[in-house]
Amino acid sequence: MVRLFQTHKIRETVELDGLWEFTPLGDGEAMPTVYPYAMPVPGCWETHPSFAAYRGRAAYRKVLQIDGRTSLRFEFKGVSHTADVYFDGKLICHHYNAYTPFSFFVTDAEAGEHALTVVVDNAFSGESALHIGNDYYTYGGIIRPVAMEKVGGVYIERLEFHPFLRDGIWNADIKVFVRNIGDVNRAIRAEGKLHDKSFAFAPVQICREGVGTLSGSFAFDGVEPWNADHPRLYGLEVRLLDDGDGAILDDLIERVGFRAVAVEDGELRVNGACVMLKGFNRHEDHGVCGCALPFQLMVKDIELMQAAGANAVRTSHYPNDERFLDLCDERGIYVWEENHARGLTLEHMDNPNFEPQCEACNQEMVQNHFNHPCIVIWGLLNECASDSQRGREMFKRQYGQIRAMDASRPVSHASNKPYTDVCLDLPDIVSFNIYSGWYDRNDIADEYLNIRAWAEENGAKGKPYIVSEFGAGAIYGFRDPAKTRWSEENQVDILGKSLDVYLGRPEIKGVFIWQFCDCRVTEENGWAMARPASRNNKGIVDTYRRPKLAYGTVDELYHSHNREALP
Ligand code: ADA
């Protein structure tokens with residue numbers, strides 16, 4: 001399963017889930033000829049007993065059977081963290097970053113057997129500016145689904161759906177991004193269908209081996225809006241036709257919602273109504289399957305979060321599996337989706353690969369996840385060097401890049417630099433990670449008020465606030481009425497006091513508990529010594545989703561605090 005709905009009726013697509021041949025690869029080792037293991041895809045190799053802590057290179061291989069000469073498009077939803085993809089031994093794609101999808105094509109593959117080989121590397125090195133030893137684990141493998149599709153000379157790469165209200169009627173600007181992999185120029189047009197309306201896009205010429213865009217603006221009278229209480233989704237079907245003989249060339253189906261999000265007068269509004277985000281930070285991490293959670297466990301996480309009264313999730317600290325975003329669309333969960341970066345210092349950001357790798361991640365995140373109505377905030381550069389002028393220049397470029405791709409959503413960064421952050425004029429929403437009571441013994445209310453007072457004088461005035469992280473560690477099963485550190489009772493105490501303060505502040509429009517579930521951390525960079533059992537234990541459920549005492553505290557406070565009804 002690549003998505004939770006059918007994405008094509010015309011284009012033939014094959015999902016390549018299943019067992020692939022597998023072998024570890026030594027540094028510099030050439031393409032293997034022997035594959036002694038079978039590894040599930042999607043999946044992390046750490047789930048295999050022999051590779052539970054393996055960090056390095058490995059090769060996956062799948063023999064494909066093509067039943068007729070055709071061009072092929074491959075889509076990998078996530079490979080951790082670097083992929084070199086070979087088709088019949090020829091390198092056809094290189095991709096860095098575990099958390100964003102990538103696609104590529106092969107023209108005129110002959111009928112018969114072909115070998116698809118993926119060399120995967122999850123090692124840390126100077127080449128990798130974003131995947132470093134950190135307070136989460138960089139797993140290894142083809143961690144998300146893979147699809148192979150039969151395409152003709154021209155096909156649809158993606159759609160962008162821009163909904164907006166005009167005179168009380170929902171409209172949408174729709175863009176159809178098309179690729180011509182043939183060796184002749186093509187005149188193409190497209191037809192669309194959404195709900196009970198059919199519409200057409202004016203024809204365009206697309207040069208040989210080029211790309212082009214068809215666009216149109218259409219009114220959809222009578223459709224219902226999407227919001228958390230009523231997550232109404234619609235299928236958007238687009239067919240590509242030859243503008244000459246009208247032959248149907250390709251199709252793509254997206255699932256969209258009529259939703260407008262705005263920051264106005266210090267409020268976060270969805271379709272004009274004020275919203276209060278009550279959520280969790282969630283790592284894609286599980287004690288059984290690493291970062292490659294199957295659909296069933298994604299559903300379980302959402303059930304647990306919603307049962308605790310949450311209406312939002314922050315994809316800390318990277319773009320998420322699109323099946324999870326599909327679930328959030330269906331279940332009406334607001335999402336703060338953010339690019340891949342956690343706690344990178346100015347030295348890390350000075351890595352020459354940092355900006356190119358971030359910009360690629362930002363582009364793949366926004367372009368591939370653009371149509372999810374659940375995403376209401378784009379986040380970037382969590383706790384990176386926003387306290388320096390050089391860091392500010394990089395923040396500024398990335399704010400600009402994301403806004404140039406999508407002007408329809410607010411953008412923010414979670415800062416852990418109160419009193420020194422020099423970027424608070426950049427975000428639409430000012431967000432701080434505050435751990436009063438855990439990393440210090442400061443009074444929670446006092447520390448927040450001091451931070452806010454400073455922020456108001458340093459770029460935040462008039463903006464809404466989000467407390468993007470707060471929480472405390474607790475070892476599942478460690479109970480101590482004396483509330484000693486790492487006890488579940490201490491976590492209850494800190495979370496309860498924090499929520500009482502933050503949910504009571506009118507300027508705070510969102511709170512995200514750190515964190516939903518315990519997650520594995522790397523041994524490198526000293527994290528394992530600061531994290532019992534090599535885990536970040538601030539989850540309100542443990543790595544196997546067993547609720548800690550704090551789960552009940554959150555459940556009580558999130559349910560009792562209903563501020564959505566604000567005027
Ligand atoms: C930071 C960081 C999180 C986590 C947290 C913690 O706020 O953004 O990823 O490391 O601290 O547990 O200390």
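Predicted model: local features only at pLDDT ≥ 70, side-chain atom pairs only at ≥ 80, totals over all residues.
Helix 7 spans residues 488-502 and has 15 residues. From its first C-alpha to its last it reaches 21 Å, close to the 21 Å expected at 1.5 Å a residue. The buried residues include Glu-488, Glu-489, Asp-493, Ile-494, Leu-495, Leu-499 and Tyr-502.

Leu-304, Gln-306 and Ala-307 of helix 1 make the contact with Tyr-551, Asp-555 and His-559 of helix 9. By class, the residues of this contact are three nonpolar, two polar and one charged.

The largest nonpolar core has 91 residues, and Phe-280 and Val-511 have the most contacts inside it. Helix 6 gives the most to this core, with six residues. Leaving aside neighbours within four places in sequence, Phe-280 is in contact with residues including Met-305, Ala-308, Val-313, Arg-314, Phe-512, Ile-513, Phe-516, Ile-540, Val-554 and Tyr-558. Another core, of 29 residues, lies apart from the largest one, and Trp-45, Val-85, Phe-87 and Val-118 are among its members.

His-369 belongs to helix 4 (residues 354-369). Its relative accessibility is 1%, so His-369 counts as buried. Beyond its neighbours within four places in sequence, His-369 contacts Pro-319, Asn-320, Glu-322, Leu-325, Glu-337, Glu-364, Ile-375, Trp-378 and Arg-409.

Most residues other than glycine have a negative phi, and most peptide bonds are trans. Exceptions of both kinds are described here. A cis peptide bond, with omega about -5 degrees, joins Val-41 and Pro-42; Pro-42 is in the loop between strand 3 (37-41) and strand 4 (57-66). The bond from Ser-80 to His-81 is also cis, with omega near -5 degrees, and His-81 lies in the loop between strand 5 (70-76) and strand 6 (82-87). Trp-486, in the loop between strand 28 and helix 7, has a positive phi near 80 degrees. With a relative accessible area of 24%, Trp-486 is partly exposed. Asn-525 has a positive phi of about 60 degrees and lies in the loop between strand 30 (519-520) and helix 8 (527-530). Asn-525 counts as exposed, at 56% relative accessibility.

Definitions and conventions
Residues numbered from 1 in each chain as written. Heavy atoms only, no water. Helix = DSSP H or I, 4+ residues; strand = E, 2+ residues; numbered from the N terminus. Expected span 1.5 Å × (residues − 1). Buried < 20%, exposed > 50% of the residue type's maximum accessible area, 1.4 Å probe, protein only. Contact = heavy atoms within 4.5 Å. Nonpolar A, V, L, I, M, F, W, Y, C, P; charged D, E, K, R; others polar. Core = buried A, V, L, I, M, F, W, Y, C linked by side-chain atoms within 4.5 Å.
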